[in-house]
Amino acid sequence: MSRVIYLHPEDQPVAAPVLAPGQAVHDTRGRPLRDLRISVTDRCNFRCTYCMPREVFGADHAFLPHSALLSFEEITRVAEAALSQGVRKIRLTGGEPLLRKQIETLVAMLAQLRTPDGQAPELTLTTNGTLLARKAQALADAGLSRVTVSLDALDDTLFERMSDSGVPVATILAGIEAAARAGLAPVKVNMVVRRGMNDAQILPMARHFRGTGHVLRFIEYMDVGNSNGWRMDEVVTGAEIVRLIGAEFPLQPIQAHYHGEVARRWAYADGGGEIGLITSVSQPFCGSCTRLRLSPEGRLFTCLFAEQGYDLRALLRSGVGAQALKDRLAGVWLARGDRYSELRGQAHRDHKIEMSYIGG
Ligand code: SAM
Ligand code: SF4
Ligand code: SF4
């Protein structure tokens, strides 16, 4: 078993490189910093069995107190520093991001930011959809570009079992339609597939979303966090899913929208739209991973499977200026060497961060 040793950027102050507009800081494996995922809360109204099982996240679970969370102003300062270092896409996530009060105010603040070459960042949000019907228009008005909605089954009983909530599927479907009406389109619908749990819903989901303009994406079940008891034999690979759907509706592979796009795209041959496969387990994409993650209380993580983050909150609250933030951010990225999914099985991790804390 090999152990990966990371340099700790907090020990080695670094000056952010001077970048031409459009350029990005690169990590030790030559990957540019392009995406910032911001987790705005560690709370959720669902208890998806693969993410926040109720045995672990029960009534006595200690969630972060509100005072520990970064304020909207602090988040915006981090986002501004990240844009200066190459970020072009910002995704809000959680926990359940729509549980954070006045989230549309944060969206409006982020929507004002610009990259060094004057572009508005692409601003998206991932949600379980329960509050989306109510919030979609306000989010769109605030400047959100698009949403991704998680939905693991169309069958109510199965959905209830997967999400461990009493929310009916119709609520999520109404959220998806409201988002499309508000212009947050194309809506992406994420389905995590777990063998023996919801794999029988692959075809019903494909049939339902074909021809709607929404893009259904299948996510291989991952060994994130320490609480879901992940087993390899529960992973249904992207290749299996393409075979299954392709037998009913012929599919053809299509080009990625851009280098580093996470989902592999397949189009229905008859023009019924497209699906995406996120094959993090069977075909890892660490080589083109350009994502930096900010936790609700201001820690930076350079990988979904990281064991440690780098504190930014103390720096933010110490009254330093924008340059110190840029330097810290650049230092973290310059030292980054993560490629957990490529090393899976070799890189042992005892204390991975939880998905509900850092977001997908
Ligand atoms: N609560 C929001 C939601 O569910 O969309 C945002 C946060 S959630 C952690 C982000 C994404 O991570 C969701 O699409 C969820 O399905 C996915 N996810 C959570 N645990 C996962 C796991 N073990 N394997 C694969 N995807 C997972
Ligand atoms: Fe909540 Fe999203 Fe995790 Fe489900 S996947 S428990 S909705 S954070
Ligand atoms: Fe990126 Fe880490 Fe996932 Fe690899 S394992 S794709 S480095 S987040």
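Residues are classed here as nonpolar (Ala, Val, Leu, Ile, Met, Phe, Trp, Tyr, Cys and Pro), charged (Asp, Glu, Lys and Arg) or polar (the others, Gly among them). The views show a predicted model, in which local features need pLDDT of at least 70 and side-chain atom pairs count only at pLDDT 80 or more, whereas totals for chains, interfaces and linings use all residues. Residues are numbered from 1 along each chain as its sequence is written, chains are lettered from A and ligands numbered from 1 in the order in which they are written, and side-chain values use heavy atoms, with hydrogens and water left out.

**View 1. The shell around ligand 3.** By class, this shell has seven nonpolar, one polar and four charged residues. Around ligand 3 are Phe-285, Cys-286, Cys-289, Arg-291, Arg-293, Cys-303, Leu-304, Phe-305, Arg-336, Asp-338, Tyr-340 and Ser-341, where a residue is near a molecule if one of its heavy atoms lies within 4 Å of it. At least two residues of the shell come from each of strand 10 (291–294) and helix 10 (340–343); helices (H or I, at least four residues) and strands (E, at least two) are DSSP runs, numbered from the N terminus.

**View 2. The shell around ligand 2.** Cys-44, Phe-46, Cys-48, Cys-51, Met-52, Gly-95 and Asn-128 surround ligand 2. Five of these residues are nonpolar, two are polar and none is charged.

**View 3. The aromatic pair of Phe-46 and Phe-159.** The structure holds four aromatic pairs, defined by ring centres of Phe, Tyr and Trp (its six-membered ring) within 6.5 Å, with planes under 30 degrees apart counted as stacked, over 60 as edge-to-face and the rest as tilted. Phe-46 and Phe-159 are edge-to-face, at 5.9 Å centre to centre and 75 degrees between the planes. Phe-46 belongs to the loop between strand 1 (35–39) and helix 1, and Phe-159 to helix 4 (residues 156–163), so the pair ties together parts that are 113 residues apart in sequence.

**View 4. The contact of helix 1 with helix 9.** Helix 1 (residues 72–84) packs against helix 9 (residues 322–334) at an angle of about 65 degrees, with the axes 9 Å apart. Axes are lines fitted to C-alpha atoms over the stretch in contact, and angles run from 0 to 180 degrees between N-to-C directions. Helix 1 contributes Arg-77, Val-78, Ala-81, Ala-82 and Ser-84 to the contact, and helix 9 contributes Leu-325, Lys-326 and Leu-329; contact means heavy atoms within 4.5 Å.

**View 5. The cis peptide bond at Pro-186.** Ala-185 and Pro-186 are joined by a cis peptide bond, with omega about 0 degrees. Pro-186 is in the loop between helix 5 (169–181) and strand 5 (188–193).
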